[in-house]
Amino acid sequence: MSGKLYGVGVGPGDPKLMTYLAVETIKNCSVIAVPADGKEHAISYKIASGIVKDMDQKECLGLSSPMTKDRKILEKNYQKVSEEIIKKLDEGKNVAYLTLGDPTVYSTYIYIQRIVKKCGYDAEIINGVPSFCAVAAKLGDSLADRSEQLHIIPSNYDIKEALKLPGNKILMKAASKLSDVKKVLKEQGQKAWMIENCGMEEEKIYHSVDEMPEKATYYTTLLVKEEIDKNS
């Protein structure tokens, strides 16, 4: 009997934000998969090991993906990674693929799941706390009030038009383009907050665009709000 693949969201950084279901699923899987060259390079593994005991005793697959926008290169990698996972499923082993935040938000996992399911294997998503929810909580404010719209925007693409949309915006993947993002925010007179490494030991909070550095780590999220005070 074939094993089952689980895409497990481990949350934004603090192990205590992992769900009971995520912890239980990892415990019940004999194989752990991480989107890195090895578990020692995987932030998701570090987070999970902070609350799941004896993870080091489990088999771990290091399944890194290239940092590129080239669809052909990415699809070739997804196929290769999926084949490695399928080998374990054919051995009757359940596989927990660990991903930061939630597997349904800009996660490599979803592409792998689609291939695995297309090949006839069972797969399931285990939700995690998204980074932007943790950022809003850390800032002590909402993501959206009443009828406000909320837009999730990948900042490694052109954001100028997206920032003109009504409502509040979440800017993800801003690290490599932070200098450009800051420039656009200033040009449009947008007010924003940023948290780098939310929930981790290296966490840094910036309360304005001027405070933000020109470069940041990969795990950086910005919250852009139309209004600062919500008195009504």
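Guide: Welcome! Lys and Arg count as positive here and Asp and Glu as negative, while His and the chain ends are not counted. The place of a charge is taken as NZ of Lys, CZ of Arg, CG of Asp or CD of Glu. This is a predicted model, in which local features need pLDDT of at least 70 and side-chain atom pairs count only at pLDDT 80 or more, whereas totals for chains, interfaces and linings use all residues. Residues are numbered from 1 along each chain as its sequence is written, and side-chain values use heavy atoms, with hydrogens and water left out.

Visitor: How many positive and negative side chains does the chain have?

Guide: There are 33 positive and 33 negative side chains, and 3 Å separates the centres of the two sets.

Visitor: What is a salt bridge, and how many salt bridges are there by this rule?

Guide: Side chains of opposite charge can pair when their charged atoms come close. The rule asks for a side-chain nitrogen of Lys or Arg within 4 Å of a carboxyl oxygen of Asp or Glu. By that rule the count is 13.

Visitor: Where in the chain do Lys 93 and Glu 59 lie?

Guide: First, the pair itself: a salt bridge joins the side chains of Lys 93 and Glu 59, at 3.2 Å from N to O. It links distant parts of the chain, 34 residues apart, with Lys 93 in the loop between α3 (71–90) and β4 (95–99) and Glu 59 in strand β3 (residues 59–62). Helices (H or I, at least four residues) and strands (E, at least two) are DSSP runs, numbered from the N terminus. Glu 59 and Lys 93 also belong to a network of salt bridges with Lys 88 and Glu 91.

Visitor: Is Lys 93 buried or partly exposed?

Guide: Buried means under 20% relative accessible area, exposed over 50%, and partly exposed in between (1.4 Å probe, protein chains only). Lys 93 has 26% relative accessibility, so it counts as partly exposed. Glu 59, at 28%, is partly exposed as well.

Visitor: What separates Glu 84 and Lys 87 in helix α3?

Guide: About one helical turn, because they are 3 residues apart in that helix. Their side chains meet in a salt bridge of 3.3 Å, N to O.

Visitor: Which residue forms a salt bridge with Lys 138?

Guide: Glu 203 does, with the closest N and O atoms 3.5 Å apart. This pair links distant parts of the chain, 65 residues apart: Lys 138 sits in helix α5 (residues 131–139), and Glu 203 in the loop between β8 (192–196) and β9 (204–206). Lys 138 is partly exposed at 42%, and Glu 203 is partly exposed at 24%.
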